[in-house]
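Trainee: Could you walk me through how to read helices, strands and buried residues in a model like this one?

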Amino acid sequence: MDEKVVSFLRKTYRGHYFKHHDLVEIPSEMASREFGYIPFGGGMIRHLSFKNGGELFAELVKQAPSSVYCSNAVYERPTLQMDEKGWEGAELIFDIDADAIPTTCKARHTWWFCSNCHKGGMGTKPTKCPGCQDQAIEQVHWSCRECLNTTKEHVKRLVDFLQDDFGIDRQDIQLYFSGNRGYHAHVHDERFDAADPQMRAEIANYIRGSGLNLKVQDRVTSHVELGWSRRTSLFLAKATEGTSRPKRNQKLTNQIVAANAALIDESVTTDIHRVFRMPGTLHGSSGLLKMRIESLEKFDPQKDPVVLGGETVSVRIYFAPEFFLNGNRFGPYNNSAVQIPIYAAVFLLARGLGEVTN
């Protein structure tokens, strides 16, 4: 990423935080949290602490970072190294990303990009760039309505598990769009704060349907069954209406799991020292907002998180397939000099896909 692009991105992010720092959500027990950020073109800076929102907002405007993070854990001494922090508990957080969910659309928007000669193409990345023979090739996953809607469906499944199987009140489950291609679910229920990684892994495996031994009953008794037994009976009632019950086997179990499990990222759920992107901050690879979702049904991930300006900027885009933002269609681009809104320019430039020309 060249200096002109870095300067443009920092200026854009700084302007956003100067005008809209009120969008940033301040966590509870703020002084006991670990904070961190990634500067444009740099590595993670963490083990930071802020006493109040004013201190944090001042730092955001000063640094104009690519990404901002906050721990799900609270500590006695958040600025020290991990084994000296004094862990006191951590919120239970789940992550669901479109990359992890199998959809038929993936082949249509999976592509590769060479950071050396800026050549790109559709499909799985080659071993070497066909243009310059360099190996500096990245696999890139775009998104479309199909995979974004399927990801939403897995979020709904997750909420169902948390409410029906773990007894968590819906008001204690806060959903966020991650700012890229996924969702985060923050659980504000102190019963889970002291859970260790092993317990969190068991929760994650249950929700993912890992290693389940499902029993296929002779009769549907969904009105008294709970958990995976209920899901099994409902699946069979719908899939085998008017036909005989199938024999229990691994294939049937896989079908039931595929129709009901929520494909959460287990490594995220089990990490009690993880720092998460702060709600209300900009994603470093898209310029979209990690935003609170009040209605999952109404939420549009290609429009609602767009918070940067619509003023046009002149850029040269090396390569990018078609994409949609804020109700507008952009691309495809192939070494294209274009004038596009700032929000679309940031979406591409933050990924290293172009340069500023004005």
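Mentor: Gladly! Let's begin with contact, which means heavy atoms within 4.5 Å. Keep in mind that this is a predicted model. Leaving aside neighbours within four places in sequence, His16 is in contact with His21, Leu23, Leu282, Leu289, Val307 and Leu308.

Trainee: Where is the place of His16, and why does His16 count as buried or exposed?

Mentor: The place of His16 is in helix H1. The general idea is a cut-off: buried means under 20% relative accessible area, and exposed means over 50%. His16 has 5% relative accessibility, so it counts as buried.

Trainee: How should I check the length of H1 against what a helix should span?

Mentor: Take 1.5 Å a residue: the 18 residues of H1 should then span 26 Å. The end C-alpha atoms of H1 are 25 Å apart, which agrees. There is also a cap at the N-terminal end of H1, provided by Asp2. A side-chain oxygen of Asp2 lies 3.2 Å from the backbone nitrogen of Lys4.

Trainee: Which residues of H1 are buried?

Mentor: An α-helix has 3.6 residues a turn, so residues three or four places apart point the same way. In H1, the buried residues are Val5, Val6, Phe8, Leu9, Thr12, Tyr13, His16 and Tyr17. They cover an arc of only 165 degrees around the axis, which puts them on the same side of H1. On the other side of H1, Glu3, Lys11, Phe18 and Lys19 are exposed.

Trainee: What do the buried residues of H1 pack against?

Mentor: They pack against helix H2 (53-63), strand E3 (67-71), E14, H8 and E18. As for direction, H1 lies across E14 and E18 and runs at about 75 degrees to E18. Helix H8 (residues 342-349) lies across E14, E17 and E18, running at about 145 degrees to E17.

Trainee: In what order do the strands of that open sheet come?

Mentor: To read a sheet, follow which strand pairs with which. Here three strands form an open sheet in the order E17-E14-E18, with antiparallel pairing. The edge strands are E17 (333-341) and E18 (354-356), and each pairs on one side only. Ignoring direction, neighbouring strands of this sheet are turned by 25 degrees against each other on average.

Trainee: Over how many bridges do E14 and E17 pair?

Mentor: Strand E14 (residues 312-320) pairs with E17 over eight bridges, in the antiparallel sense.

Trainee: What about E1 and E2: what do they form?

Mentor: Those two form a hairpin with six residues between them. Gly41, in the turn, has a positive phi of about 80 degrees. Strand E1 (residues 35-38) and strand E2 (residues 45-48) pair in the antiparallel sense over two bridges, and the bridge partner of Phe35 in E2 is Leu48.

Trainee: How many bridges join E1 to E3?

Mentor: There are four, and E1 and E3 run antiparallel. In E3, Tyr37 has Val68 as its bridge partner, while Gly36 stands opposite Tyr69. E3 also pairs with strand E12 (residues 275-277), again in the antiparallel sense, over three bridges. In that pairing, Cys70 stands opposite Phe276 in E12.

Trainee: Let's end with a loop. Where does Glu91 lie, and is Glu91 buried or exposed?

Mentor: Glu91 lies in the loop between strand E5 (87-90) and strand E6 (92-97). Its relative accessible area is 13%, so Glu91 is buried. Beyond its neighbours within four places in sequence, Glu91 is in contact with Ser28, Arg33, Asn72, His186, Val187, His188, Asp193 and Arg200. A polar contact of 2.9 Å joins the side chains of Glu91 and Arg33.

Terms used
Residues are numbered from 1 along each chain as its sequence is written. This is a predicted model: local features need pLDDT of at least 70, side-chain atom pairs count only at pLDDT 80 or more; totals for chains, interfaces and linings use all residues. Side-chain values use heavy atoms; hydrogens and water are left out. Two strands pair if DSSP finds at least two bridges between them. Axes are lines fitted to C-alpha atoms, for helices over the stretch in contact, and angles run from 0 to 180 degrees between N-to-C directions. The expected span of a helix is 1.5 Å times one less than its number of residues. Buried means under 20% relative accessible area, exposed over 50%, partly exposed in between (1.4 Å probe, protein chains only). The arc is that of the directions from the helix axis to the C-beta atoms. A polar contact is a pair of N or O atoms within 3.5 Å; within protein, one must be able to donate a hydrogen and the other to accept it, and residues adjacent in sequence count only if both atoms are side-chain atoms.
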